[in-house]
Amino acid sequence: MDRTEFTHIVNRQDDLIRALDVDVWIGMEPTFTRRFAETPEWLSEALGPEKLQYAYALLDEVLKRSPGGVILHTLGRQYAGEDLPRWNIGYYQAKNKQFCWDGPPDPCLVTKSTAAILEKSIDVAAFWQALNHALNQTSWQSTVFVVEEGLKYRILFRCDGGPAIADVVSKPQLTRSSVHKRKISPTGLTDPLSANGDYLICLDRLTADSAHYTGTSVVVELPEVPDVPVFVQLLQCIARAAEQTSVETLVLQGFPPPVDKDIAWTTITPDPAVIEINQAPADNAENFYDYCEVSFSAAQAVGLNPYRLHYNGVVSDSGGGGQFTLGGPQPSSSPFFRYPHLLPRLVRYCNAHPALSYWFAPPSIGSSSQSPRTDEGVGEIFRELAVALEQLELQDEPSPEFIWRSLSPFMVDPSGNPHRSELNIEKLWNPYMPGRGCLGLVEFRAFRMSRSPECATAIAVLLRSIVAMLSLEDKAAQLVDYGVSLHDQYALPFYLQKDLQSIFNDLLEAGLPLHESLKDMLLKEPVRFIGKAAFHSCYIELQQALEFWPLVGDVASQEGGGSRLVDASTTRLQVTLGLETVDASQLGDWELWLNGYRVPLHQEQDRQGPIKLTGLRYRSFQPYIGLHPGIAPRNAITLVLAHLGLDEALEITYSEWHPKGLAYPGLPKDIEEAEQRTGERFSTRTVSIKEFDQPKKPPESAVSDYCLDLRRLPC
């Protein structure tokens, strides 16, 4: 499908949502990695020697595709054990060209051919005075002073008509150190001066002390500014002062800037194994697609990828996920507040549809993952959630804070962490997160990084459509307690696809039907297929199923880090039998054997007719630290497809590694080679049925409704 056709399909869905008068904005956090790199920063660590250079290169490509904005260095995340906040580079741009940055470029983007301009003598004091003059030329009032340490040239201004404070001694905050040189307070990043209408600018000469700057420049640290018009006027004053004093490059840093519906604020920041782009939210799916195209093409241009290829051909996402955030043009007009019963409906709907939790998720899922469901925690809490939802239904017009207070105790992981939850509402209306807690946002975290802008946009269309549907009608009246079937039945791709189809049907009934090409894209998005073989009239197909890896050790000791230790040594396959002929009545005569046992199969129906399927669970490697030290790993799974009326059978072998145990020459060069290596690990041969004894029934302890656990078979 070409871009024009895809855009037309997306536009059609936007029109359907627009006709309902439901304003749903959506953003994404795409993550990219160097898929051939095997250094810690691209495998597990957040920081490393290369990441900042790649971030600058990525930002340069973004500017080429979307010029007119200004670069701002703000603060990223800070976890326990990290001395300072991580770096965070933002791109601040007017969506409709209401303003355009015409000041000097950031020195990190100055090429070596023009680096000579950085060696010019810089009169910081002249720039300082020129900026003060530019501020006083407005309706604002400003004053200058100098401190002894840090960024010593300072300007204090007010924009409410009142005089700027002249008595520096009376305000210790006026001598504060750079916000980039200190830890973020446990209560969040705040600017006490700005809260009182006093805005402090700190500046000085920036001398290059790393490979990222090629000389000297001026650094300006900005305060927390209340709104976009004030911030834009401040930027214009800075640009004017730089022009008057021949400042050729400029580093703008400090507090995050204000944003509104007319501003696109995109940031680039490090995360374990990846570089993360916090994409500006879009008011519709078409604009979301445009933003994704910029992010994906810029990443590709600098050698960053949304996926990783493993030696044995396994394709995984980048390793950093690809979460989506929904809200409105501004906090007060968020759909979660315009329609107060939307969020309770969404909580129930996600609970009712495991496909939204698992089908698009990264490999690590379940209670110890980055996006556990509400029913994967403590049972008592899940039952209390039902009470909370009932109480919200009794409220005609619950306030934003009431909605947040009602649901925030439940939108957490088993350790109580609100960030690690399938639906993250810590930025909905959280008064305990200063500056960014009351934004009317809900983050959908159970999403792996998409492999293309089109795949990401298809998910965005799905989520916007679900939110629009639930804004107007309820589709899940109560919570569902799946019990053990949640991690049994819904570990299999067949049932997740079936559940996803039921979501498509809900949208159809609500007048929001998805285009067939979007549905196909959503159903095929994850990489699941392993191999398929035909034998007489029967076929057998193997797909990668889902596994729920348990936490190793206690939560408390691991809560401070960016990740947790889980035992990932167990894997699960889905095995499906079907008939290639139209006569499906013969399917019951086919059996599947494994290690002398008859594999129990579950009867189902797909579009082609009856099928039989089950899951196979086994240990694929021996972890250095993990559970069950006595369970040996299986390097391969060997199945026998047999029919009692035939003298021959089909033996299928699936190997975890190279079928001959050989080392691979290197990582696959592309997805095609990765698929070839996966195919090589799936092999078949015809054997005589006389080679096998009559298969036995497996022990009950090894059998669930939808799975045979090979770890529990006798050795």
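This report walks through selected salt bridges, a sheet, a helix and some loop residues of a predicted model.

## About the model

Because the model is predicted, local features need pLDDT of at least 70 and side-chain atom pairs count only at pLDDT 80 or more, while totals for chains, interfaces and linings use all residues. Residues are numbered from 1 along each chain as its sequence is written, and side-chain values use heavy atoms, with hydrogens and water left out.

## Salt bridges

Let's start with the charged pairs. The structure holds 34 salt bridges, each defined as a side-chain nitrogen of Lys or Arg within 4 Å of a carboxyl oxygen of Asp or Glu. One of them joins Arg86 to Glu82, with 2.9 Å between the closest N and O atoms. Both Arg86 and Glu82 are buried (buried means under 20% relative accessible area, exposed over 50%, partly exposed in between, with a 1.4 Å probe and protein chains only). Arg176 and Asp191 form another salt bridge, at 2.8 Å from N to O. This pair links distant parts of the chain: both residues sit in the loop between β6 (153-158) and α5 (192-195), 15 residues apart. Helices (H or I, at least four residues) and strands (E, at least two) are DSSP runs, numbered from the N terminus. Both Asp191 and Arg176 are buried.

A further salt bridge brings Lys669 and Glu673 together at 3.3 Å, N to O. Lys669 counts as exposed because its relative accessibility is 56%, whereas Glu673 is buried, with a relative accessible area of 17%. Elsewhere, salt bridges with shared partners join Arg77, Glu82, Arg86, Asp271 and Glu276 into one network.

## A four-stranded sheet

Now to an open sheet: its four strands are ordered β1-β14-β16-β15, with antiparallel pairing. Two strands pair if DSSP finds at least two bridges between them. The edges are β1 (25-28) and β15 (423-424), each of which pairs on one side only. Strand β15 is joined by two bridges to β16 (residues 442-444), and the two run antiparallel. Leu423 stands opposite Phe444 in β16.

Helix α13 (residues 453-472) packs on this sheet and touches β1, β14 (324-327) and β16. Contact here means heavy atoms within 4.5 Å. The direction of α13 makes about 35 degrees with that of β14; axes are lines fitted to C-alpha atoms, for helices over the stretch in contact, and angles run from 0 to 180 degrees between N-to-C directions.

## A covered helix

Helix α15 (residues 516-524) has buried residues at Ser517, Leu518, Lys519, Met521, Leu522 and Leu523. Their cover includes α1 (3-19), α13 and α14 (493-509).

## Two asparagines in loops

Asn305 lies in the loop between α7 (285-301) and β12 (307-309). With a relative accessible area of 17%, Asn305 is buried. Leaving aside residues up to four places away in sequence, Asn305 touches Thr31, Phe32, Thr33, Arg35 and Ser318.

Asn595 belongs to the loop between β20 (590-594) and β21 (597-598). Its relative accessibility is 47%, so Asn595 counts as partly exposed. The C-alpha atoms of Asn595 and Pro698 are 9.9 Å apart, although 103 residues separate the two along the chain.
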